[in-house]
Structure formats: structure tokens, C-alpha cells
Amino acid sequence: MYGSNTATTARWDGSLPAPSTAGAPRRGVLTGAFALLSALQRAEDAGLTALASACGLPKTTAYRLLEQLSDLGAVENRQGRYRIGPHLFRLGHGWQPCPELRPAARRPSRRLASVTGTTVGLAVLYQGQTMTLDWTTALDVTPPPVNDRSVWPWYTAAGKVLVALSGPELPLGPLPGTWPGEAAAIRERGAAFDREEVLEGVCCTAVPVPARSGPPVAALCVLTDPEHRLDRLAEAARRTAAAIGAALGHRR
């Protein structure tokens, strides 16, 4: 998923921490509103009392902000239960690390999806989490992502590729004990595989989208059923990722 002049650091779980009230008799309106949105992102659905408590806000203040956010379409109020609204979803969907990435990937991803009959995704690593930018399918139907917000990189093939090929300066949380060996294997073959580890009946291969220098700019992932050979899909995905990287390099 993203003002006051106060800098905010993201937690490893991707949420924005509720701003502290210590030494601050007045809270900015935007600070309180974003704290509520972050609490909703974590809870998905919550009532006024729980949200006010989670954000350290008086209930009257939380209610006023939630109603204003509802009027703007950023929050939905269903019988006193709040959730993230459609307008905020549309705004968040437009985010990408660089404006050239999605246009550069559009045509090659469609071609790969059409040729293989699979679903092709484009993902990036942001603040220690995997975020999906786009899905393309052979049937021109956009499926819901595995997690339409963000996930720990260890849960997806795309995230594993991005972490394995990123520099040591990448901010990460606790590493799985098996990660060093898995990362070395990913670097050797240039791809990561997910064999129904995230969703039953769904397999995935992911490859890096190369940048002109440094770590990959994104990961290209191909979702399919268990009948497909992931190593063969990886070969097709590598060619597509190379085409995206070349197009992206020309646009920079």
C-alpha cells in the first residue's frame, strides 16, 4: 500500500506506527488520519473504540476523522464497522517505484501471458516487503493478488528473487534459518520457485527484471497450475524480463 512534516518510519510488518503523543499536546490532522488508515490496514475491519485505542486518539477525534475519510471515499462505514475504502485503493494502485516501469512491462507481460496461458505479475520490494504492481492474464481478467497489500518476501517467489539479488544494505527483519542456502540456489539459477507454498493449486516462478546497474528493478512472476514445468516457464520469463529491462533502460 502511502501530510505533516513529521518523518515516519515503516515497521517490518509494513504498517505505519501510531505517532507518539508524548510531549505533543496537539496532533496534526493528517497524522491522526494516517494513523487510523494504518490501523485499518492491519485490522481490515474494526469499530470506533478499537481504532481510537490503537491510535491513541480520543473517540470523538477518531470519529470525526473517520467520518471525514468516509466522505472522501478513503474509508467505508458499514453499520459502525470501518474498512479501507475504494478511493484509497485506486490511489494506492497507481504507486510504482518509477513511472517508466509499468509501461515498459505492459506489452512483454501480455505477450508472455498469451503464449504460456498463465498469469504474469510484476512485483517490487519496498521497505522490506513484496508489493505487486500489476497482473496480466491470457484471458484479460485481472485476478486478485495473493495479498493485495504487501507480504514478507519469504512468502513469494518474487520476493525471494528480489531479496536474494539485492545488496546487503537492504533493511530486513529476522532471516529464516534456511535462507542463505536458498538464496545461493536462487542466484545460481536466476529464478525462484513456489510450488503451492502460498496457495494450494497455484505454483509460481519468478525472475529478476535487470537494471542497468545494481540490484534488479523488479521481479517478473508467472503463476500457473501444478501441471506446468516451472523450469521451462522460467526460461520464457527470463527472456521477457530481459526485454522489460532493455525497454526500461531506453526510457531512463
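Okay, housekeeping: it's a predicted model, so to speak of local features we need pLDDT of at least 70, side-chain atom pairs count only at pLDDT 80 or more, and totals for chains, interfaces and linings use all residues. Residues are numbered from 1 along each chain as its sequence is written, and side-chain values use heavy atoms, with hydrogens and water left out.

Let's start with the hairpin. Helices (H or I, at least four residues) and strands (E, at least two) are DSSP runs, numbered from the N terminus. Strand E4, residues 119–126, pairs antiparallel with E5 over eight bridges; pairing takes at least two DSSP bridges. Gly121 has Trp135 in E5 as its bridge partner. Two residues sit between the strands, and Gln127 in that turn has a positive phi of about 50°.

How much of E5 is buried? Seven of the nine residues in 129–137, so the strand is largely enclosed by the rest of the structure. Buried here means under 20% relative accessible area, exposed over 50%, partly exposed in between, with a 1.4 Å probe and protein chains only.

Now the cores. A nonpolar core is a set of buried Ala, Val, Leu, Ile, Met, Phe, Trp, Tyr and Cys residues joined through side-chain atoms within 4.5 Å. The largest has 28 residues, and Leu101, Leu112, Leu122, Val209, Ala218 and Leu220 touch the most other members. H8 gives the largest share of this core, eight residues. Apart from it there's another core of 19 residues, including Leu40 and Leu66.

Leu66 also turns up in H3, where H2 meets it; contact means heavy atoms within 4.5 Å.
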